Amino acid sequence: MSDTHFGDRQVPLDAKQALVDDVFHKVARRYDLMNDLMSGGLHRAWKDDLVTAVNPPKGAAPFHLLDVAGGTGDVAFRVVDAGGPGTRVTIADINAEMLSIGRERATERGYDEAVSFVEGNAEALPCRERSFDAYSIAFGIRNVPRIERALAEAYRVLKIGGHFVCLEFSTVDVPGLDALYDLYSFNVIPTLGRIVAEDADAYRYLVESIRRFPRPKVFAAMIEAAGFRRVSFRPISGGIVALHSGWRL
Ligand SMILES: C[S@@+](CC[C@H](N)C(=O)[O-])C[C@H]1O[C@@H](n2cnc3c(N)ncnc32)[C@H](O)[C@@H]1O
């Protein structure tokens, strides 16, 4: 069996998902707070860019988004807020703990009608083929052991004309910013993880996994290889994150 990376560790491909699940199981309760602290609130602006790319219709036209690795519902709630009364979002996530926090929040915040939840693996989605208008994945695909399978599944579940949008940490190429970003990533983030989420290792995994993720051009080529067309990407915040887009035509 082949190996893959879990952060900086080499692990058997079949062992990675359980290790990832353990990370999100441990941090689920503090997940949204940690996002704000680690990114200085920037993740909100990045997610706004994702919502703009998803572009849910303002009118009553039906529009169904599948938000994979949707965790605690942050992206889904934003898309519903941006869209009209016909906008529906299904959140698919492999982690029951993250989903249960998402469900609680959806009820508290009045999203029960527009948002639904399904437990499932991005590599084998429990969804019919050609059933969604758009597919989004934010800070999720990096955690999936077989990225090619997740991309093939995205293609399968999208309708013809459907839009694939992915927000993910990327590669900082701006001189000066890269050194600062390294310093921040390898020192501040695990320290915050230790204090706030009481789990420095989980956040060390986060940083290492970011460094292992393919560079944006390579990832764009993988999206194309899955069958998507008009594939493009845009680095945001000096390349800390990138927004990739492709269409099932
Ligand atoms: C960093 S969180 C992102 C959550 C949310 N999209 C956001 O941006 O706030 C990563 C999520 O990916 C989920 N995940 C990891 N591996 C997965 C897989 N193979 N299939 C579906 N979800 C997965 C985790 O359970 C976790 O909820």
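User: What is the radius of gyration of the chain, and what would a compact globule have?
Analyst: In this predicted model, the chain has a radius of gyration of 17 Å. A compact globule with 249 residues would have a value near 18 Å, so the chain agrees with that expectation.

User: And what does the C-alpha trace span along its principal axes?
Analyst: The C-alpha trace spans about 45 × 40 × 40 Å.

User: How many helices and strands are there?
Analyst: The secondary structure of the chain comes to 9 helices and 9 strands.

User: Turning to the ligand, how many residues surround it, and which are the closest?
Analyst: The ligand is surrounded by 19 residues. Gln17, Ala69, Asp93, Ala122 and Ala138 are the closest.

User: What is the make-up of that shell by class?
Analyst: The shell around the ligand has 10 nonpolar, 7 polar and 2 charged residues.

User: Which helix gives the most to the shell?
Analyst: H1 does, with 3 residues. Helix H1 (13-27) and helix H2 (31-39) each supply at least two residues.

User: How much of the ligand does the protein bury?
Analyst: Taken alone, the ligand exposes 590 Å², and the protein buries 99% of that.

User: Which cavity is the space taken by the ligand?
Analyst: That space is the largest cavity.

Notes:
Residues are numbered from 1 along each chain as its sequence is written. This is a predicted model: local features need pLDDT of at least 70, side-chain atom pairs count only at pLDDT 80 or more; totals for chains, interfaces and linings use all residues. Side-chain values use heavy atoms; hydrogens and water are left out. A residue is near a molecule or strand if one of its heavy atoms lies within 4 Å of it. Accessible areas come from the Shrake-Rupley method with a 1.4 Å probe; for residues, only the protein chains shown count as cover. On a 1 Å grid over the protein atoms alone, a cavity is a set of points where a 1.4 Å probe fits but cannot get out, and a pocket is an open set with protein on both sides within 12 Å along at least five of seven lines; lining residues have an atom within 4 Å of a point. A molecule sits in a cavity or pocket if more than half of its atoms lie within 2 Å of its grid points. Helices (H or I, at least four residues) and strands (E, at least two) are DSSP runs, numbered from the N terminus. Ala, Val, Leu, Ile, Met, Phe, Trp, Tyr, Cys and Pro count as nonpolar, Asp, Glu, Lys and Arg as charged, and the others, Gly among them, as polar. The radius of gyration is taken over C-alpha atoms; the globule rule is 2.2 Å times the number of residues to the power 0.38.
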